[in-house]
Amino acid sequence: MLNLARISILLFLLFSFGEVFAEAGITLVTSAPTKDGGQTYTLTIKILMLMTALTFLPALMMMMTSFARIAIVLSIMRQAMGTPQTPSNQIIIGLTLFLTFFIMAPVFDRTYNESLEPYLNDKISDEEALKRAQVPFRDFMMAQTRESDLELFASISGLEDIESPDDVPFSMLVPAFVTSELKTAFQIGFLIFVPFVVIDLVVASVLMSMGMMMLSPMLIALPFKLMLFVLVDGWALIISSLTASFVV
């Protein structure tokens with residue numbers, strides 16, 4: 001739970017408005033007297049900005065971490081096995097979330113140690129904390145992003161005079177990173193699909209040679225797919241391959 005709280009704070013710090021952190025304390029509710037002797041209560045603008053920024057946390061979690069690649073690969077694996085509802089979506093998302101925490105732990109720890117902790121101890125300003133928080137995420141995303149994807153978005157945005165990775169704006173780096181993640185996820189998914197397709201072809205050929213055309217090949221192939229997946233320790237292979245595919 002502590003890591004989850006840290007991650008939420010870090011992602012919020014990365015893209016929130018610097019003015020929200022300008023003061024040590026933020027007044028949640030302000031009150032003012034009315035003419036009839038009563039009181040009116042209103043939320044401050046800073047709290048509204050904070051609540052609005054918090055709504056972007058799920059999108060930041062999915063688009064700036066290893067979440068997307070893992071979720072896509074696990075979904076493709078489920079389809080390849082012929083069990084579109086098993087494991088359930090809740091299990092897939094839960095496993096993806098905790099694998100993301102595991103893979104991104106060095107990035108989160110670096111951001112916490114270099115940005116959030118000194119800011120909470122009043123050692124650096126809010127602007128400096130925001131700049132420091134961006135560096136670990138920028139390094140992670142840049143390491144996973146293909147040059148061709150960066151060039152694509154650079155040409156679309158007209159920023160073709162970028163000289164170094166530090167000059168790449170976040171508005172261009174994030175979509176380039178997501179595009180690269182989609183490509184990588186589908187490449188891994190293709191490699192996962194091949195052995196299961198071979199089993200389907202073999203089972204379909206055997207059934208046709210025996211004249212059992214009315215029997216579903218997918219139904220007969222399913223136990224063989226499950227047996228193969230268990231014998232090769234498929235979950236360990238997929239998780240270890242996914243973890244090793246990231247450059248942290």
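1. In this predicted model, Met141 makes contact with Met64, Phe170, Leu173, Val174 and Phe177, once its neighbours within four places in sequence are set aside. Met141 is also among the residues with the most contacts inside the largest nonpolar core, a set of 38 residues in which Met64, Ile70, Val73, Phe140, Ile192 and Ile238 share that standing. At least two residues of this core are supplied by each of helix H3 (57-63), H4, helix H5 (89-120), helix H6 (126-144), helix H7 (147-157), H8 and H10, and the largest share, 11 residues, comes from H8. As a general background to such a grouping, nonpolar side chains in soluble globular proteins tend to be buried together.

2. The pairing of H4 with H10 deserves a separate comment. The two helices pack with their axes 11 Å apart and at an angle of about 155 degrees; because angles over 145 degrees count as roughly antiparallel, H4 and H10 are described in that way. Their crossing is right-handed. On the H4 side the residues that meet the partner are Arg69, Ile70, Val73, Leu74 and Met77, and on the H10 side they are Trp235, Ile238 and Leu242.

3. Leaving aside neighbours within four places in sequence, Arg69 is in contact with Gln144, Glu181, Thr184, Ala185, Ile188, Leu242, Ser245 and Phe246.

4. Lys183, by contrast, is found in helix H8, which covers residues 170-209, and counts as partly exposed at 35% relative accessibility. Not counting residues up to four places away in sequence, Lys183 touches Arg146, Ser148 and Asp149. For the pair Lys183 and Arg146, the separation is 37 residues in sequence and 9.7 Å in space, taken from C-alpha to C-alpha.

5. Helix H9 (residues 217-231) has 15 residues, and its reach of 21 Å from first C-alpha to last is close to the 21 Å expected at 1.5 Å a residue. Which residues of H9 are buried? They are Ala221, Lys225 and Phe229, and what covers them includes helix H4 (67-80), H8 and helix H10 (234-244).

6. Asp233, which follows H9 and sits in the loop between H9 and H10, has a phi near 55 degrees, a positive value in a residue other than glycine; with a relative accessible area of 45%, Asp233 is partly exposed. The other feature is the peptide bond from Thr86 to Pro87, which is cis, with omega near -5 degrees, and Pro87 is placed in the loop between H4 and H5. For context, most residues other than glycine have a negative phi, and most peptide bonds are trans.

Key:
Residues are numbered from 1 along each chain as its sequence is written. This is a predicted model: local features need pLDDT of at least 70, side-chain atom pairs count only at pLDDT 80 or more; totals for chains, interfaces and linings use all residues. Side-chain values use heavy atoms; hydrogens and water are left out. Helices (H or I, at least four residues) and strands (E, at least two) are DSSP runs, numbered from the N terminus. Buried means under 20% relative accessible area, exposed over 50%, partly exposed in between (1.4 Å probe, protein chains only). Contact means heavy atoms within 4.5 Å. The expected span of a helix is 1.5 Å times one less than its number of residues. A nonpolar core is a set of buried Ala, Val, Leu, Ile, Met, Phe, Trp, Tyr and Cys residues joined through side-chain atoms within 4.5 Å. Axes are lines fitted to C-alpha atoms, for helices over the stretch in contact, and angles run from 0 to 180 degrees between N-to-C directions. Angles under 35 degrees count as roughly parallel, over 145 as roughly antiparallel, 65 to 115 as roughly perpendicular and the rest as oblique. A crossing is left-handed if the near helix is turned anticlockwise from the far one by less than a right angle, and right-handed if clockwise.
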